[in-house]
Amino acid sequence: MNDSAEGGTPAGAGPTDTDWAAALAAVRGLPADARVQLICHVNPDGDALGTMLGFGLGLRRLGVRQLRATFPGPPVLPEPFRWLPGLELLVPQDDAYPEPDLVICFDVASEYRLGDLADRLDKAGTALVLDHHASNTRFGGIHLVDPHAAATSVVAQELLDRLGVPLDAEIATCFYVALSTDTGSFRFEATTPAVHRLAARLLATGIRPGDISRRIFDTRPFGAVRLFGEVLLRARLEPAAAAGRGLVWTYATRADLARHDQPAYVLEALIDSVRCTAEADVSCVVKQVDTAEWAVSLRSKGAVDVSAVAVALGGGGHRFAAGFTGRGTVDEVVDRIRGELAGALLPG
Ligand code: AMP
Ligand code: MN
Ligand code: MN
C-alpha cells in the first residue's frame, strides 16, 4: 500500500526528529521520584491495552517506580485480556495520580476518548501522546503520532528502542497483542514488510503466537456463540446503499446480552462476522450502551472512507475501521449512517 513504514516517515506525516527528541527528553529527564500516569482509550482494545502495558513494563525496566496505568470508565477488563503481562500496573480511574509529573496517552485520537481522565492533560507536568490515528487532534504537549503505523505499539516499540530498553518476552507479548489486534492478525493493508519485521523481533523473544491468538481472538463463552447466532440472523443487507457498494448491518441490545448472560465486550468481535458479507462494502454493528445510546462500529472493504462517516457523526477512527456514539433509536442511527455513505466514497 505504501512504503512509508519502510524508509522513515514522509514529510508532514509521523513524528519529526524534534518530536522524538522531546519524547526522549521527557522520559529521560524524569526525576527518580516522578509519578507517571499511563492512560489508554475508553473501552480499551488490544492495541490500547497491549501498548500501554508493554510500554509500562519498559518504563519499569528503566527504573520508573511510581507508575500507574488506567483507562476511563468502569475498571473491568474484558476476559480475553485478563492474563496480559503488566496487569499489576492497572488501577481504577479513581486511583489515577491526580497530578502526575508525566502522563502518556496510548491509542487515543482525541480528548473525548479519555473520558473523566481528560483533566490530567492540564494537571500533568507533561502530556505525551502516542498514537496512529490520522484524525488525532494533537491534544497533548508532545506528540508521537504516526498515521502510517499499523498500531500504536509500532510507535511505542520505536520509543523503547530509542530509550535503549531491550525487548523481553513480557513486553513482546503485550506488543504482539497490540499489533495482531490492529492488523486483524496480519491480514489488513497496513501489514507492511516493516510490520512483519517488528513481529519477527517480538516472536524472537520466545512468545507463543498460537496461544496468544487463541486467547485473544478465538475464545468465547458458549452463550456468546448463541448470542452471535441470534444477532447475525437479524442482519440486514442493503445492496443499494453507499451508491450501490452495499451496506450490511445488525444491532445488539442490552436485553440480548442479558438473555444470554453475556458481558458487553463479547460484542466487539461481532463486526468480524458481519464484515465477511460479500455483497456489501460497508458493514456496521450498532451496540446498545444505554437506553438511547449506541456504540457503532463501521468497516469498509475499500470503496468508502468510514472514518469520514464516523467523524461526520461525532466519532473517529481509520479509513476502513471507524466508530462513533449514536443517539436515539437503532433506525435513527442507521439512517444517519446511510445519509453519510454516498458522500464518503473514495475515488477509484
Ligand atoms: P471499533 O469499531 O470499536 O473496533 O473501533 C474502530 C476504530 O474506530 C478504532 O480505531 C477506534 O479508535 C475508532 N472509534 C470507535 N469508536 C469511536 C468513537 N466513539 N469516537 C472516536 N473514535 C472511535
Ligand atoms: Mn484502539
Ligand atoms: Mn490502534
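Biologist: Which cysteine sulfur is closest to that of cysteine 276, and how far away is it?
Modeller: Cysteine 284 has the closest one, at 15 Å, so that is too far for a bond. A disulfide here is a pair of cysteine sulfur atoms within 2.5 Å. This is a predicted model: local features need pLDDT of at least 70, side-chain atom pairs need 80 or more, and totals for chains, interfaces and linings use all residues. Side-chain values use heavy atoms, without hydrogens and water, residues are numbered from 1 along each chain as written, and chains are lettered from A and ligands numbered from 1 in written order.

Biologist: Is cysteine 276 buried or exposed?
Modeller: Exposed, at 58% relative accessibility. Exposed is over 50% relative accessible area, buried under 20%, partly exposed in between (1.4 Å probe, protein chains only).

Biologist: And cysteine 105, buried or exposed?
Modeller: Buried, at 0%. The closest cysteine sulfur, in cysteine 40, is 9.7 Å from its own, too far for a bond.

Biologist: Switching to metal. Which protein residues are donors to the manganese ion (ligand 2)?
Modeller: His41 (NE2), Asp45 (OD) and Asp107 (OD), at 2.0 to 2.3 Å. Donors are N, O and S atoms within 2.8 Å of the metal (3.2 Å for Na, K and Ca); water is not among the atoms, so sites may look incomplete. The sequence spacing is H-x3-D-x61-D.

Biologist: How far apart are ligand 2 and the manganese ion (ligand 3)?
Modeller: 3.8 Å, and aspartate 107 coordinates both.

Biologist: Are histidine 41 and aspartate 107 buried or exposed?
Modeller: Both are buried.
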